[in-house]
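Hi,

Here is the structure I promised to pass on. Please have a look at it first, and then read my notes below.

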Amino acid sequence: MLTPPVRRLSLRLGIYTSIRSRDIHTEVKPRWGGVAIYVGMLAGIGISALIPLFSGIFADLSQVTGVILAMTLIMVTGMADDAWDIHWVIKLAAQIGSGVLLVVHGIQLEVMPVGWLGVGGPLLQGFLTVFLVVLTINAFNFIDGLDGLAAGVAAIGGAAFFMYSYLLTLSIREFEPSHLATLLMAVLVGACLGFLPHNFHPSKLIMGDTGAMLLGFVMATGAVIATSSLELHQEQFRFRNIPAYMPVLLPLAVMVLPVLDLVLAVVRRTLRGQSPFSPDRGHLHHKLLDSGYSHAQAVLLLYLWAGLIAFGSISFNFLPWQLVTTAMALTLGIATLLTLGPGMRKRVRKSNRRAAARQSKEDLP
């Protein structure tokens, strides 16, 4: 509901994209779509506070307050960057500040559930929490290059994370299945699904850094809360087929596409002698477009990969591993063929043209 008025406001204030060589779009698009995502999430959290089922989440408002304050910091920073293209150091400082706000309000990595290995000392706990927040924010910011890509990947990953967190909590606390990580994933998915009709190709507006950083922050916060829930970890072995390390692996699986793109971008730019934050046209979605996929096809293919990895990961917890492994091998093989097929055909055609050119030269008298 808020996306159309936010779009009109962005146009009225002149908050829209410029056309850059690395960009896919060929016309200016209003930014600030992330403002609608932010208010939608905030509304979801506010309404849930009125529902008795979620009373346990709001019994202690410290963590919820920390999440909302950090979300607001990210939103304001993103709005400023979308409007004035602020220096990357300021953005990084705000991202670090959002992680610090979580730590101050009691949200931090206290235990790694691999054998219940504790993270030693508040300083190390806080550092790892801030590091995960900054990493995830920038990972989602990096993949926000095609219409609907960041919102769709976040919705898919958030839905898988929601299912895992909800079913795990339900198995432990049968009569009180509410959990802050589950709630955050629910409002994340809802906000993304509400935004996607306006953002899928051809988009009417983009989420900008406001939305991309916000999605990454909420995903990271859910991962920290789920990983640090001592109650869930201590009771976890009562839940059949749930390995103790799953709360660590699942967030990584959900975020594998954006994190992979981030790592490849940092390596690529560093080898060129550039800053890791310098923009270029070498992201995964650029490669798909260059191989011959259309804009919408490239986005849908990345949706497929995100869904396979995220839902395939949680399936190991609820289905026989033999069945999941077989299904994953088959679907990953199909996805690989779909991904590499156009590029391979393009290279074959180029090779055939070169061979034909050489042959025609040899046939000349």
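Predicted model: local features only at pLDDT ≥ 70, side-chain atom pairs only at ≥ 80, totals over all residues.

Residues are numbered from 1 along each chain as its sequence is written, and side-chain values use heavy atoms, with hydrogens and water left out.

**Salt bridges**

The structure holds 3 salt bridges, each a side-chain nitrogen of Lys or Arg within 4 Å of a carboxyl oxygen of Asp or Glu. In one of them, D82 pairs with R31, and the closest N and O atoms are 3.7 Å apart. D82 sits in helix 3 (residues 61-84) and R31 in the loop between helix 1 (3-13) and helix 2 (33-48), so this pair ties together parts that are 51 residues apart in sequence. Helices here are DSSP runs of H or I with at least four residues, numbered from the N terminus. D82 is buried at 5% relative accessibility, and R31 is buried too, at 13%. For these labels, buried means under 20% relative accessible area, exposed over 50%, and partly exposed in between, with a 1.4 Å probe and protein chains only.

D81 bridges to K91, with 3.3 Å between the closest N and O atoms. Since D81 belongs to helix 3 and K91 to helix 4 (residues 88-104), the pair ties together parts that are 10 residues apart in sequence. K91 also forms a salt bridge with D209, where the closest N and O atoms are 3.0 Å apart. That pair links distant parts of the chain, K91 in helix 4 and D209 in helix 8 (residues 208-227), 118 residues apart. Through shared partners, D81, K91 and D209 are joined into one network. D81 is buried, as are K91 at 15% and D209 at 13% relative accessibility.

**The nonpolar core**

The largest nonpolar core has 71 residues, and M41, M71, L215, F217 and V218 have the most contacts inside it. At least two residues of this core come from each of helix 2, helix 3, helix 5 (122-143), helix 6 (149-172), helix 7, helix 8 and helix 13 (295-318). Helix 8 gives the most, with 12 residues. A core here is a set of buried Ala, Val, Leu, Ile, Met, Phe, Trp, Tyr and Cys residues joined through side-chain atoms within 4.5 Å.

**On the surface**

A patch of positive charge is formed by R7, R8, R12 and K204. K204 lies in the loop between helix 7 (180-199) and helix 8, and at 45% relative accessibility K204 is partly exposed. I47, L50, I51 and L53 make a nonpolar surface patch of about 410 Å². Of these, I47 is in helix 2 and counts as exposed at 52% relative accessibility. Patches take residues with over 30% relative accessible area and no salt bridge, joining like charges within 9 Å and nonpolar side chains (Val, Leu, Ile, Met, Phe, Trp, Tyr) within 5 Å. Lys and Arg count as positive and Asp and Glu as negative, without His or the chain ends.

**One more pair**

F195 is found in helix 7 and is buried at 1% relative accessibility.

Best wishes

Technical notes. Areas by Shrake-Rupley, 256 points an atom, 1.4 Å probe, with all protein chains shown as cover. Charge placed at Lys NZ, Arg CZ, Asp CG, Glu CD.
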